[in-house]
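Dear colleague,

Please find below the structure that I am handing over to you, with its sequence. My notes on what was found follow directly after it.

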Amino acid sequence: MRRLLLLISIFTFTLFGCASKKANKSIALFIPGICDNSPVYQMLRDGVEASVNEYNQKNDVKVKLFVMEAGTNQAEWSSQLTALTASNEYDVIISSNPSLPDLVIPILKKFPKQKYILLDASAEGNPNIYTVCYNQYEQAYVTGYIGGLFSKSHKLALIAAQEYPVMNEVIAPYFEKGAKAANNLSSVEFRVVGNWYDATKGAELSDAVIKAGVDVILPICGGASQGVITSCKEKGAYITWFDDDGFSKAPGVIISSSTMAQEKMSREITDKYLNDQVEWGKAAMVGIKEGYINFVQDNPLYISTVDQSIRDKMAALIEDIKTGNVTIK
């Protein structure tokens, strides 16, 4: 009888004691690229790590964080993300790239319980996905606007790593729209490297468009951007920079930097997840008004490189967007 009561006691403790103890959470951070020389992914990692570290310091229940760098070969991202999901080890997978919803949705058909938080992306209505999209209509427009104001030849170029929906449907057309709004004589050449790392190809494309008269270039091509920088330094052209403060990369050559607050956003959304506040199925968009897209105006290199008259026009445009007097879309 005593043995029976002991077994019942053990069973009761196991059933209710374990159920009452909150399970540890686990997060996988999927980097679709590499962090080195990729500010967007560095900011993503730093924000998630900061949130997890703070949570672990304050709580007895700890969060497990695994960081996976998938490399620059985009063709391999889907299989790597599938394998990460299939491991069934992580409550949520956090990542950042406009192409990720197209990769994640097919994976969910095989693994319908997995949760994903995707930054710099947009997908609405799936109860397993939450996305935050930075307003790249605004970001591309203001970048094109200063390019149009600055260019003497009225010829600009966008050199992209690859073609993808956000590039083709948002960044490229709104970069051109901003340039033409600044000067209706502006035209934009569009060139594609084919990958995110070939600096030699980036330099070749830059040399070619400069030879054709382009004097302002927007590179969005990862490591290949270094080739564009080298080309512009040698050929006397200028660069508009995207996603982080890039003035120090080429003083006197880079005329603008439009940044996105990726570290701030990744930290905030990880905090929300850890406190069970994520609105699954929703798709948010944040921009200049919300403080997640910024056109850098206080860097001394911006002030020394760009004439006051152009800086005044840019300040007025940014203020109009912040106050809602101008809407970009």
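**Overall architecture**

Among contacts in the protein chain between residues at least 6 apart in sequence, 67% join residues that are at least 24 apart. Please bear in mind that this is a predicted model. The secondary structure of the protein chain amounts to 11 helices and 12 strands. Taken along the principal axes, the C-alpha atoms occupy a box of roughly 95 × 40 × 35 Å. Of the 329 residues in the protein chain, 50% are buried.

**Helix H7 and its surroundings**

Helix H7 runs over residues 199-211 and has 13 residues. The distance from its first C-alpha to its last is 18 Å, close to the 18 Å expected at 1.5 Å a residue. Its buried residues are Gly202, Ala203, Leu205, Ser206, Val209 and Ile210. Seen down the axis of H7, these buried residues fall within an arc of 165 degrees, so they line one face of the helix. In general, an α-helix has 3.6 residues a turn, so residues three or four places apart point the same way. The face of H7 turned away from the buried side carries the exposed residues Thr200 and Lys211.

Against which elements do the buried residues of H7 pack? They pack against strand S6 (155-160), strand S7 (187-192), strand S8 (216-220) and helix H8 (225-235). Ser231 has its place in helix H8. Leaving aside neighbours within four places in sequence, Ser231 is in contact with Ala203, Ser206, Asp207 and Ile210. Ser231 counts as buried because its relative accessibility is 1%, where buried means under 20%.

**Two helix pairs**

The crossing of H5 past H6 is right-handed. On the H5 side, the residues that meet H6 are Gln136, Tyr137, Ala140, Tyr141, Thr143, Gly144, Tyr145, Gly148 and Leu149. H6 contributes Val166, Val170, Ile171, Tyr174, Phe175, Lys177, Gly178, Ala179, Ala181 and Ala182. By class, this contact of H5 with H6 has 13 nonpolar, 5 polar and 1 charged residues.

Helix H2 (residues 39-58) packs with helix H9 (residues 262-274) at an angle of about 35 degrees, the axes being 7 Å apart. H2 and H9 also form a right-handed crossing. From H2, the residues in the contact include Val40, Met43, Leu44, Val48, Val52 and Tyr55. Among those they meet in H9 are Gln262, Glu263, Arg267, Asp271 and Leu274. The residues of the contact of H2 with H9 divide into 8 nonpolar, 5 polar and 5 charged.

**Two residues with positive phi**

His154 is not a glycine, yet it has a positive phi of about 65 degrees. His154 lies in the loop between H5 and S6. With a relative accessibility of 22%, His154 counts as partly exposed.

Asp276 likewise has a positive phi, near 55 degrees, in a residue other than glycine. Asp276 is found in the loop between H9 and strand S11 (283-286). Is Asp276 buried or exposed? Asp276 is exposed, because its relative accessible area is 60% and exposed means over 50%.

With kind regards

Methods. Residues numbered from 1 in each chain as written. Predicted model: local features only at pLDDT ≥ 70, side-chain atom pairs only at ≥ 80, totals over all residues. Heavy atoms only, no water. Left-handed = near helix turned anticlockwise from the far one by under 90°. Helix = DSSP H or I, 4+ residues; strand = E, 2+ residues; numbered from the N terminus. Contact = heavy atoms within 4.5 Å. Nonpolar A, V, L, I, M, F, W, Y, C, P; charged D, E, K, R; others polar. Expected span 1.5 Å × (residues − 1). Buried < 20%, exposed > 50% of the residue type's maximum accessible area, 1.4 Å probe, protein only. Arc of directions from axis to C-beta. Axes fitted to C-alpha atoms, helices over the stretch in contact; angles between N-to-C directions.
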